[in-house]
Amino acid sequence: MAAFSATHCPSHVTTPSSPSSRPRPCSSDRGHDRRATLSSSIAGRLALRAQPSSRLRRSRRANAVRLHEGSVATTIIPVESELPLKKSKGSLSLTLPEVEDVNISENESTVSITVVGASGDLAKKKIFPALFALFCEDCLPKHFTICGYARSKMTDAELRNMISKSLTCRIDKSENCEEKMDQFLKRCFYHSGHYDCLENFAELDMKLKLHEGRRISNRLFYLSIPPNIFVDAVRCSSSSAASRNGWTRVIVEKPFGRDSESSAALTNALKQYLDENQIFRIDHYLGKELVENLSVLRFSNLIFEPLWSRQYIRNVQLIFSEDFGTEGRGGYFDNYGIIRDIMQNHLLQILALFAMETPVSLDAEDIRNEKVKVLRCMKPLHLDDMVIGQYTSHNEGSTTYPAYTDDKTVPKGSLTPTFAAAALFINNARWEGVPFLMKAGKALQDRRAEIRVQFRHVPGNLYNQKLGTDLNQATNELVIRVQPDEAIYLMINNKVPGLEMKLDHSNLNLHYAARYSKEIPDAYERLLLDAIEGERRLFIRSDELDAAWAIFTPVLKEIEEKKTVPESYPYGSQGPVAAHRLAARYDVKWGDLRTGP
Ligand SMILES: NC(=O)C1=CN([C@@H]2O[C@H](COP(=O)(O)OP(=O)(O)OC[C@H]3O[C@@H](n4cnc5c(N)ncnc54)[C@H](OP(=O)(O)O)[C@@H]3O)[C@@H](O)[C@H]2O)C=CC1
Ligand SMILES: O=C1O[C@H](COP(=O)(O)O)[C@@H](O)[C@H](O)[C@H]1O
């Protein structure tokens with residue numbers, strides 16, 4: 001345990017609340033068995049709205065994350081250890097950890113990151129490991145606190161134990177790693193509470209305050225919970241646990257609604273408690289290295305941008321496939337289906353970045369303005385331009401791969417698509433007539449996410465006769481492989497060395513693993529860091545979301561109203577045959593199904 005010289009509790013923490021200000025007691029108390037005597041900390045909407053949005057410049061150097069304009073970190077604060085809870089006659093009072101508070105400069109700031117839904121899959125798999133990676137990279141501020149919040153009962157030690165199982169020494173492979181893990185885990189705490197309970201969030205507030213001391217407190221809430229409880233959690237966190245002197249931001253996980261109406265309703269509900277600039281709607285595909293690189297590729301290389309239009313591009317393909325099925329996530333998935341799970345967000349976001357006009361600057365608002373514009377130029381999808389599928393079981397040797405409806409969490413007879421392909425069009429001067437073909441599926445033959453740009457044929461090509469009968473095969477194709485094995489390659493026609501004039505199709509290949517020794521950060525690392533720094537570029541603004549739903553809502557309604565039966569495809573296959581017919585209608589072959597790299 002680190003040594004702290006103890007000071008007294010701030011008075012507002014120990015003062016019992018007056019009846020009028022006391023939050024309502026929570027109906028059930030599954031996760032929290034001790035009734036707290038707490039000062040009600042109803043900062044409420046007004047205080048929350050008054051917080052300034054900090055526009056901070058990014059610096060990834062050690063301890064260079066500035067959290068509050070003008071903040072000066074002057075004191076080295078020892079790491080806190082377990083927060084002692086003192087129980088007295090049915091009431092809970094919290095004693096200060098042994099923190100030396102007196103040397104903290106008034107201007108010093110801290111960030112408290114609360115993972116709401118800390119006991120869940122995403123928190124364990126992605127959020128805590130990403131926070132640890134940021135810690136190892138010295139990207140977290142000098143003083144920070146991480147708090148897990150969920151209904152499950154857990155002690156700090158149990159949370160630490162749970163987290164430690166998913167932490168890896170990816171960044172710091174040296175012996176330091178164990179030490180780093182210990183240091184990191186000492187900054188992690190847990191609070192058990194309900195998502196709709198003001199009182200439980202007020203307890204959380206008090207705990208956070210004890211760790212924050214007199215520092216300017218900045219608070220980030222990551223809502224890693226099912227969407228039906230987003231609004232409750234935002235209401236309670238903003239009413240009872242918002243920062244009073246720093247910023248408060250909330251990362252909201254997808255899905256953001258099921259269609260235009262429900263998404264607008266969710267946005268309106270969130271905006272009762274938060275300003276738009278406090279809401280960080282996460283789409284983790286925007287945090288992937290090659291997706292972020294799209295803008296660099298387009299706007300910092302002379303050779304691409306002049307070709308980036310209907311004049312030279314024949315079609316664009318956006319492909320997502322997974323070689324596994326729902327495997328236990330069927331309960332969530334069946335409510336949404338692949339169109340909402342992948343197309344309306346991940347693939348459409350990539351499309352918007354790919355097709356948008358040059359933004360005025362790299363500022364978040366300028367980029368998001370351009371994304372909205374291009375999305376609003378897109379025609380809403382209809383069923384004629386779409387194919388849906390669902391995987392069936394498949395035997396391979398002695399192994400049986402299950403059908404989607406074999407998943408116990410999926411209702412029998414479900415018509416939810418696990419595969420979809422669509423042809424989308426952008427009605428603007430740059431892209432009119434160019435098909436943007438999207439394809440997304442689970443339980444397919446491989447796992448990949450890529451963008452394929454197929455260029456037009458060379459007019460009057462002198463070498464046509466040498467290129468074989470299928471000229472489409474011989475057109476240039478730019479492939480941006482987002483995952484796995486990140487790469488950017490350009491297929492060109494080339495002369496095979498030798499005395500005869502023989503051509504083949506080869507690749508100019510930028511293979512990341514060969515070119516860069518540094519490991520690629522996980523998308524959640526980048527996005528968490530951006531949220532801490534107040535950088536909104538990679539988060540979805542509400543008007544972007546509206547534009548995205550406007551494209552997909554008509555077809556989703558059509559599928560549901562007509563109870564369209566998805567075409568079957570075997571687990572591990574290329575997907576429904578109808579997807580080939582859809583592409584063929586536009587004289588396209590799916591690039592991922594051709595032979596080659
Ligand atoms: N898992 C993933 O890979 C991905 C998840 N997401 C999104 O992230 C969010 C979290 O996902 P994930 O971690 O998988 O979700 P989980 O189903 O694991 O739920 C997270 C936590 O929320 C609490 N919870 C679950 N169901 C309910 C309920 N009906 N009422 C109240 N509390 C509940 C549970 O904690 P407790 O019981 O302790 O309170 C649970 O541990 C979701 O919005 C999901 O769509 C997005 C991309 C990928
Ligand atoms: O958002 C989601 O993404 C994952 C795929 O993410 P990846 O980073 O592993 O490619 C997908 O499995 C899941 O169904 C979806 O909700």
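Colleague: Thanks! Which helix gives the most to the shell around ligand 2?
Modeller: That is helix 10, residues 330-355, which contributes three residues. Keep in mind as we go that this is a predicted model.

Colleague: Which residues are around ligand 2?
Modeller: Lys 254, His 284, Tyr 285, Lys 288, Glu 322, Arg 329, Tyr 332, Asp 341, His 346, Lys 442 and Gln 483. By type, the shell divides into six charged, three polar and two nonpolar residues.

Colleague: Where are polar side-chain atoms placed beside oxygen atoms of ligand 2?
Modeller: Glu 322 has a polar side-chain atom 2.5 Å from an oxygen atom of ligand 2. For Gln 483, an N or O atom in the side chain is 2.7 Å from an oxygen atom of the ligand. His 346 has a side-chain N or O atom at 2.8 Å from a ligand 2 oxygen. Taken alone, ligand 2 exposes 400 Å², and the protein buries 82% of that.

Colleague: Nice. And ligand 1, which residues come nearest to it?
Modeller: There are 21 residues around ligand 1, and Ser 119, Asp 121, Leu 122, Ser 152 and Tyr 195 come nearest. The shell is made up of ten nonpolar, seven charged and four polar residues. Helix 3, residues 121-136, has the largest share of that shell, with three residues.

Colleague: What lies beside the oxygen atoms of ligand 1?
Modeller: A polar side-chain atom of Tyr 195 is 2.6 Å from an oxygen atom of ligand 1, and Ser 119 places a polar side-chain atom 2.7 Å from a ligand 1 oxygen. With Ile 225 the backbone takes part: one of its polar backbone atoms is 2.8 Å from an oxygen atom of the ligand. On its own ligand 1 has 880 Å² of accessible area, of which the protein covers 78%.

Colleague: What holds strands in a sheet together, in general?
Modeller: Strands of a sheet pair through backbone hydrogen bonds, in a parallel or an antiparallel way.

Colleague: So are strand 3 and strand 4 parallel or antiparallel?
Modeller: Parallel: six bridges join strand 3, residues 109-116, to strand 4, residues 144-150. If you want to find one pair on screen, Thr 114 has Cys 147 in strand 4 as its bridge partner. Strand 4 also pairs with strand 5 in the parallel sense, over five bridges. There, the partner of Tyr 149 is His 191 in strand 5.

Colleague: Back to strand 5, then. How many of its residues are buried?
Modeller: Five of its five residues are buried. Cys 188, Tyr 190 and Ser 192 point one way, while Phe 189 and His 191 point the other way.

Colleague: Okay, new topic. Where is Leu 351?
Modeller: Leu 351 is in helix 10.

Colleague: And why does Leu 351 count as buried?
Modeller: Because its relative accessible area is 0%, and the cut-off for buried is under 20%. Setting aside residues up to four places away in sequence, Leu 351 touches Leu 318, Met 378, Ile 426, Phe 436 and Met 438. Its C-alpha atom is also 8.8 Å from that of Leu 375, a residue 24 places away along the chain.

Colleague: What about helix 9, which of its residues are buried?
Modeller: In helix 9, residues 289-299, the buried ones are Leu 290, Val 291, Glu 292, Asn 293, Leu 294, Leu 297 and Arg 298. Their cover includes helix 10, strand 16 and helix 13, among other elements.

Colleague: Last one! Is Ser 414 buried or exposed?
Modeller: Ser 414 counts as buried, because its relative accessibility is 9%. You'll find Ser 414 in the loop between strand 12 (399-401) and strand 13 (419-424).

Colleague: What does the side chain of Ser 414 join up with?
Modeller: Its side chain makes a polar contact of 2.5 Å with the side chain of Asp 334. A polar atom of the Ser 414 side chain also lies 3.1 Å from the backbone nitrogen of Thr 416.

Technical notes:
Residues numbered from 1 in each chain as written. Chains lettered and ligands numbered in written order. Predicted model: local features only at pLDDT ≥ 70, side-chain atom pairs only at ≥ 80, totals over all residues. Heavy atoms only, no water. Near = heavy atom within 4 Å. Polar contact = N/O pair within 3.5 Å; in protein donor to acceptor, adjacent residues only side chain to side chain. Areas by Shrake-Rupley, 256 points an atom, 1.4 Å probe, with all protein chains shown as cover. Helix = DSSP H or I, 4+ residues; strand = E, 2+ residues; numbered from the N terminus. Nonpolar A, V, L, I, M, F, W, Y, C, P; charged D, E, K, R; others polar. Buried < 20%, exposed > 50% of the residue type's maximum accessible area, 1.4 Å probe, protein only. Contact = heavy atoms within 4.5 Å. Pairing = 2+ DSSP bridges.
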